[in-house]
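User: Hi! Could we go through this model together, a bit at a time?

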Amino acid sequence: MEELQDLYQEIILSHNKRPRNERDLPGCTHEAEGYNPLCGDKVKVFLKVEGGVVVDVSFHGEGCAISRASASMMTERLKGCPEAEIDRRVAEVVDMLAGPVEPALDLARDGDLAALAGVRKFPARIKCATLAWRAAGEALHHGKTGAG
Ligand code: ZN
């Protein structure tokens, strides 16, 4: 099991070092900020919704490796997703991290999200890992920019 923990940690660190989609998103239709006072993490999430589909997602994030890796994974998971599916995907991950039942995930099937789920073991860090996902939901429901 220790080797698996190391592998999970490596995945998190690699996302932190080379985050996917950490950039501006010109013409974004939705945006929201999230702040985690427990750790000092800040994230800003941008969505571009066209024809009922999230065609692009990006973020800017400052904070710990978990918060940044989680934001990076969020952009990959939500890009290309139908707008109507976002809530479900966000809830799935929040539940995976903070829900009562330990999820049965494996790296082959669930990819990097399985590594993120390892954060469950560290309750103080769960808010770091859910921050960007909650911000994405917030952007969708309350963060219309007026573009698009
Ligand atoms: Zn953090």
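Analyst: Happy to. Let's start with Asn-21, which counts as buried because its relative accessibility is 18% (buried means under 20% relative accessible area, exposed over 50%, partly exposed in between, with a 1.4 Å probe and protein chains only). This is a predicted model, where local features need pLDDT of at least 70, side-chain atom pairs count only at pLDDT 80 or more, and totals for chains, interfaces and linings use all residues. Residues are numbered from 1 along each chain as its sequence is written, and side-chain values use heavy atoms, with hydrogens and water left out.

User: Where is Asn-21 found?

Analyst: Asn-21 sits in the loop between helix 1 and strand 1 (30–36). Helices (H or I, at least four residues) and strands (E, at least two) are DSSP runs, numbered from the N terminus. Asn-21 also has a positive phi of about 60°, although it is not a glycine.

User: Switching to helix 2, how many of its residues are buried?

Analyst: 11 of its 14 residues are buried, so helix 2 is largely enclosed by the rest of the structure. Among them are Ile-66, Arg-68, Met-73 and Leu-78.

User: And what comes just after helix 2?

Analyst: Gly-80, which takes a positive phi of about 85°.

User: Which residues of the lining of the largest pocket are nearest its centre?

Analyst: Gln-9, Ile-12, Ile-66, Val-119 and Phe-122, out of 13 lining residues. A pocket here is an open set of points on a 1 Å grid over the protein atoms alone where a 1.4 Å probe fits, with protein on both sides within 12 Å along at least five of seven lines; lining residues have an atom within 4 Å of a point.

User: Which helix gives the largest share of that lining?

Analyst: Helix 1, with six residues.
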